[in-house]
Amino acid sequence: MDDITWRNNTGEWDHVDQHIQALEKLRVKHNQIFKKVVFAQRDDKQDIAQSHASELVTIRAEINAHLNAEFGR
């Protein structure tokens, strides 16, 4: 039995794929917000940079929650 058939019959891989897709979306969001922090600091807008940095903390917590839920890290 090949992996594709096994994957479709059991759904186990689909569950892992959902976590991987969620992590990928969070990674993209993290990178976008991180760039905003860098540009705000470069433009000497510390209040905006701090606001974006607090968003990063939330995103990193979400990433860690996904990793803990799926992979037991």
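Q: In which helix of this predicted model is the place of Asn31?
A: Asn31 has its place in helix α2, and the model in which it is found is a predicted one.

Q: Why is Asn31 called partly exposed?
A: The relative accessible area of Asn31 is 33%; buried would require a value under 20% and exposed a value over 50%, so Asn31, at 33%, falls in between and is termed partly exposed.

Q: How far apart are Asn31 and Leu56 in sequence and in space?
A: Asn31 and Leu56 are separated by 25 residues along the sequence, while their C-alpha atoms lie 9.1 Å apart.

Q: What makes up the largest nonpolar core?
A: This core consists of 10 residues, namely Leu23, Leu26, Ile33, Val37, Ala40, Ala49, Leu56, Ile59, Ile63 and Leu67; both α2 (12–42) and α3 (46–71) supply at least two residues each.

Q: How many helices and strands does the chain have?
A: The chain has three helices and zero strands, and from the N terminus on its elements follow the order α-α-α.

Q: What share of the residues of the chain count as buried?
A: Of its 73 residues, 22% count as buried, which means that these have a relative accessible area under 20%.

Key
Residues are numbered from 1 along each chain as its sequence is written. This is a predicted model: local features need pLDDT of at least 70, side-chain atom pairs count only at pLDDT 80 or more; totals for chains, interfaces and linings use all residues. Side-chain values use heavy atoms; hydrogens and water are left out. Helices (H or I, at least four residues) and strands (E, at least two) are DSSP runs, numbered from the N terminus. Buried means under 20% relative accessible area, exposed over 50%, partly exposed in between (1.4 Å probe, protein chains only). A nonpolar core is a set of buried Ala, Val, Leu, Ile, Met, Phe, Trp, Tyr and Cys residues joined through side-chain atoms within 4.5 Å.
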